[in-house]
Amino acid sequence: MVNWTKTEKATITDIFSHLDYDDIGPKALSRCLIVYPWTQRYFSGFGNLYNAAAIIGNAKVAEHGIKVLHGLDLGLKKMDNIEAAYADLSSLHSEKLHVDPDNFKLLSDCITIVLAAKLGSAFTAETQATFQKFLGAVMSALGKQYH
Amino acid sequence: MSLSDKDKAAVRALWSTISKSSDAIGNDALSRMIVVYPQTKIYFSHWPEVIPGSIHIKEHGKKVMGGIELAVSKIDDLKTGLFELSEQHAFKLRVDPGNFKILNHCILVVIATMFPKEFTPEAHVSLDKFLSG
């Protein structure tokens, strides 16, 4: 169970209320596939991932990026019990998709960097700390159902 | 991970764009690190205060970025070029190497906020490989 101050909750709510999912989602996932190329193994059915340009232009990557980013909404809606919010998705990632939980951190770092690029100096150290705390809680919840 | 010629070219190109802001980058990256990862403050307990933007952080940020500038100049042989700094961090400063990843991440975040256009995914992967090396 993660404890949130009022300020932290407000920061997270604020970030998500202004979030352009259609922009950030594809950018974050494509960046992850480019910077950490071994993550491409989970997307062998996505077609051409041959180089950075192909990944950035890949419609399936873009669509999936948006889906994954909306997955964060579950945590946003249930910040006081994030573990429960992700129980089903955790089972999915472990039992069906077989994703190594270390990869959650890689995607999480890419989301942070893409958001930082979008917000510029508004992405203060405090904002970064709160956002990474939120992503950390989501990652921990996603890893819960792994045995 | 070894750096390809493309990686080296990308790092040099990005560095030439960002180097004039290296003091600001160093300050912001270190300030972020102690806020986002408070456990890193332990390495600076000899300073009177460990707060973002303080004179100590600014000076140390400059030092760290100087180290990166050195690394860029020695990009063709990082192991030899950074040998002394590596020894210093291991034996004198006794920094847990996990913290290098933390600082690297903070540097990448700062570059993303300051240079969103130039910090493309391709530049990102090359710089990440370089900083990890």
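Mentor: A helix is a DSSP run of H or I of at least four residues, and helices are numbered from the N terminus. Keep in mind that this is a predicted model.

Trainee: What does B:Val50 touch, leaving out residues up to four places away in sequence?

Mentor: B:Ile34, B:Lys41 and B:Phe44. There is also a C-alpha separation of 9.0 Å between B:Val50 and B:Ser31, which are 19 residues apart along the chain.

Trainee: Next, helix α3 of chain B. How far apart are its end C-alpha atoms?

Mentor: They are 27 Å apart. The helix has 19 residues, 55–73, and at 1.5 Å a residue it should span 27 Å, so the two values agree.

Trainee: Which residues of α3(B) are buried?

Mentor: B:Ile57, B:Gly61, B:Met65, B:Gly67, B:Ile68, B:Ala71 and B:Val72. They cover an arc of only 145° around the axis, so they sit on the same side of α3(B).

Trainee: And which ones are exposed on the other side of α3(B)?

Mentor: B:Ile55, B:Glu59, B:Lys63 and B:Ser73 are exposed there.

Trainee: What covers the buried residues of α3(B)?

Mentor: The cover includes α1, α2, α4, α5, α6 and α7 of chain B.

Trainee: Which residues touch the most other members of the largest nonpolar core?

Mentor: That core has 83 residues, and the ones in question are A:Leu72, A:Phe131, A:Phe134 and B:Phe130. Take B:Phe130: leaving out residues up to four places away in sequence, its contacts are B:Leu3, B:Val11, B:Ile68, B:Ala71, B:Val72, B:Ile75 and B:Leu78.

Trainee: Changing topic. How many salt bridges does the structure hold?

Mentor: Twelve, over all chains. One of them joins B:Asp7 and B:Lys129, with the closest N and O atoms 2.8 Å apart. That pair links distant parts of the chain, since B:Asp7 is in helix α1 and B:Lys129 in helix α7 of chain B, 122 residues apart. B:Asp7 is buried, at a relative accessible area of 6%.

Trainee: What about B:Asp23 and B:Lys62?

Mentor: Their side chains meet in a salt bridge at 4.0 Å, N to O. B:Asp23 is in helix α2 and B:Lys62 in helix α3 of chain B, so the bridge ties together parts 39 residues apart in sequence. B:Asp23 counts as partly exposed at 40% relative accessibility, and B:Lys62 counts as partly exposed at 49%.

Trainee: How many residues apart are B:Arg32 and B:Asp28?

Mentor: Four, in helix α2 of chain B, so about one helical turn separates them. B:Arg32 is buried at 2%, whereas B:Asp28 is partly exposed at 24%.

Trainee: Which residues do salt bridges with shared partners join into one network?

Mentor: A:Asp20, A:Asp23, A:Lys27 and A:Lys118.

Trainee: And A:Asp73, what is the nearest side chain of opposite charge?

Mentor: A:Lys77, at 5.1 Å. A:Asp73 is buried yet has no salt bridge, because a salt bridge needs the nitrogen within 4 Å of the carboxyl oxygen. A:Asp73 lies in helix α4 of chain A, and its contacts, not counting residues up to four places away in sequence, are A:Phe16 and A:Tyr21.

Trainee: Last one. What is the phi of A:His98?

Mentor: Near 55°, a positive value in a residue other than glycine. A:His98 is in the loop between α6 and α7 of chain A and counts as exposed at 53% relative accessibility. B:Arg94, not a glycine, has a positive phi of about 50°. B:Arg94 lies in the loop between α5 and α6 of chain B and is exposed at 63%.

Note on methods
Residues are numbered from 1 along each chain as its sequence is written. Chains are lettered from A and ligands numbered from 1 in the order in which they are written. This is a predicted model: local features need pLDDT of at least 70, side-chain atom pairs count only at pLDDT 80 or more; totals for chains, interfaces and linings use all residues. Side-chain values use heavy atoms; hydrogens and water are left out. A nonpolar core is a set of buried Ala, Val, Leu, Ile, Met, Phe, Trp, Tyr and Cys residues joined through side-chain atoms within 4.5 Å. Buried means under 20% relative accessible area, exposed over 50%, partly exposed in between (1.4 Å probe, protein chains only). Contact means heavy atoms within 4.5 Å. Helices (H or I, at least four residues) and strands (E, at least two) are DSSP runs, numbered from the N terminus. The expected span of a helix is 1.5 Å times one less than its number of residues. The arc is that of the directions from the helix axis to the C-beta atoms. Lys and Arg count as positive and Asp and Glu as negative; His and the chain ends are not counted.
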